[in-house]
Amino acid sequence: MKTIYFSVATLVVLTFSLARANDWPQFRGPDGQGHAEASRLPLTWSPNKNVVWRQEIPGAGWSSPILQSDRVYLTSSVRPSESGQLSLRALCLDTHTGKTIWNTEVFSVASGPAHQKNSHASPTPITDGARLYVHFGPYGTAALSLEGKVLWRNNELKYPPVHGNGGSPILVENALIFSCDGQSDPFIAALDKATGKLLWRTPRSTEPKKKFSFSTPLAITVNGQTQVISPTSGGVIAYSPRDGKEIWRVRYPEGYSVVPRPVFGHGLVYVSSAFDRPVMYAIRPDGKGDVTDTHIAWSISKGAPNTPSPLLVGDEIYFISDAGVMTCADARTGEVHWQERVGGNYSASPVFARGRIFVQSEEGIGTVLKAGKTFEVLARNDLKERTLASYALDDADIYIRTAQHLFRIQEPIPAPEAVPFSFAPGRQKKESRPLAWPAL
């Protein structure tokens, strides 16, 4: 029997070798799949409870925040009142105080239309610990120092977007890779992360009626070979990160406007297809060429998401539909354990830490569930602001971007009981200090 080895951790180590355990360096965290090594995330919050700080973010944008050391990075689009140009910006905030450290204009462009659930600053930035990389779809891509200086720009990869831009870039060794799935002639491309020069550009070879999509790729390792898994309209395709050559593909009928990022585990890639009738697929990634008829392990059509990415936790796969129906299924077989309505509408992708799953509705309600084969809601938390961005997590904090603000959420740390010293025998008395925020 042939043994097939699969790994995603190898790529995480190579790409984010400088990242600390509590960093959140890209969309959906260190492994790109929504997992956090957090020890004490808050269970409950509100606009006036467990909020360390709330910082107003200028302009508009639905990029998710990322974390590196004691800084949080995100992007925004600002329209000056005296000009029709759109200022596309990268921002850096202090994690302790929420104060802006720097706010740098990366591009100034004439803006086009964007969907109400999209923006001109929707792709999440990414860092390798030494530089910050930002992507604004057809407007351009850039690298900045962590002090906010633009190191290079590339605005040569033009394509006609539909509803704005959305897919975030990934890093694989020296390549910054992202999808460019517009109205016509869609492609995937890689830039040299050191210089911004084009390494390769591969046209999509699917033929759907509608070609635009917004998905973020995921890099995995199969039998020692790195694959970049990139969903697009009409199918999901695995590419070599070195030259952009296709390894395998699975077609899905008339899939378009594909947003969810894939996840990977148990020797399977999990992708959600299409917009009108999404289907969750589990695919074996060890084939060559068109493997539609041979490598689909299972599929689920009921409750599959249009926008939020799936979440793999242990032996279970979780996903939440845009309409708020959440599913838990066996990751190997596709057998559904439960399917329940959480409530609300969803664009943000779920995250997992220490036995808990966090989902954030567009209406601003964060629901915390217990991971497992039984549906159990632990808390519902209403920030009362519109929210489409996904969380960033560190050991004790949740960073939530809303339409107006960035929140840092944390439960106060209980102080240990203090016992005052007394020379008089029998006079010692225990005194308890109240809950206190950690020193910032």
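Let me begin with one pairing in this predicted model: strand 25, which covers residues 316-320, runs antiparallel to strand 26, residues 325-330, and the two are joined over five bridges. Within that pairing, Ile317 has Ala329 in strand 26 as its bridge partner.

These two strands belong to an open sheet of four, whose order is 24-25-26-27 and whose pairing is antiparallel. At the edges stand strand 24 (311-313) and strand 27 (336-341), and because each has a single partner strand, one side of each is left without a neighbour in the sheet. On average, and with direction ignored, neighbouring strands of this sheet are turned by 15° against each other.

Stepping back to the whole protein chain, we find one helix and 34 strands, and of the 440 residues, 58% are buried. The chain exposes about 18,200 Å², with carbon and sulfur atoms supplying 50% of that area.

Now to the aromatic rings, where the count comes to nine pairs. One of these is formed by Tyr252 and Tyr281, which are stacked with 6.2 Å from centre to centre and 15° between the planes. This pair links distant parts of the chain, since Tyr252 sits in the loop between strand 18 (246-251) and strand 19 (263-265), while Tyr281 lies in strand 21 (residues 280-283), 29 residues apart. Are these two tyrosines buried or exposed? Tyr252 has a relative accessible area of 3% and is therefore buried, and Tyr281, at 10%, is buried as well.

Elsewhere, ring pairs link Tyr318, Trp338 and Phe375 into a cluster, and Arg201 lies over the face of Phe187, at 3.6 Å from the ring centre.

Note on methods
Residues numbered from 1 in each chain as written. Predicted model: local features only at pLDDT ≥ 70, side-chain atom pairs only at ≥ 80, totals over all residues. Heavy atoms only, no water. Pairing = 2+ DSSP bridges. Axes fitted to C-alpha atoms, helices over the stretch in contact; angles between N-to-C directions. Buried < 20%, exposed > 50% of the residue type's maximum accessible area, 1.4 Å probe, protein only. Areas by Shrake-Rupley, 256 points an atom, 1.4 Å probe, with all protein chains shown as cover. Phe/Tyr/Trp six-rings, centres within 6.5 Å; stacked < 30°, edge-to-face > 60°. Lys NZ or Arg CZ within 6 Å of the ring centre and 35° of its normal.
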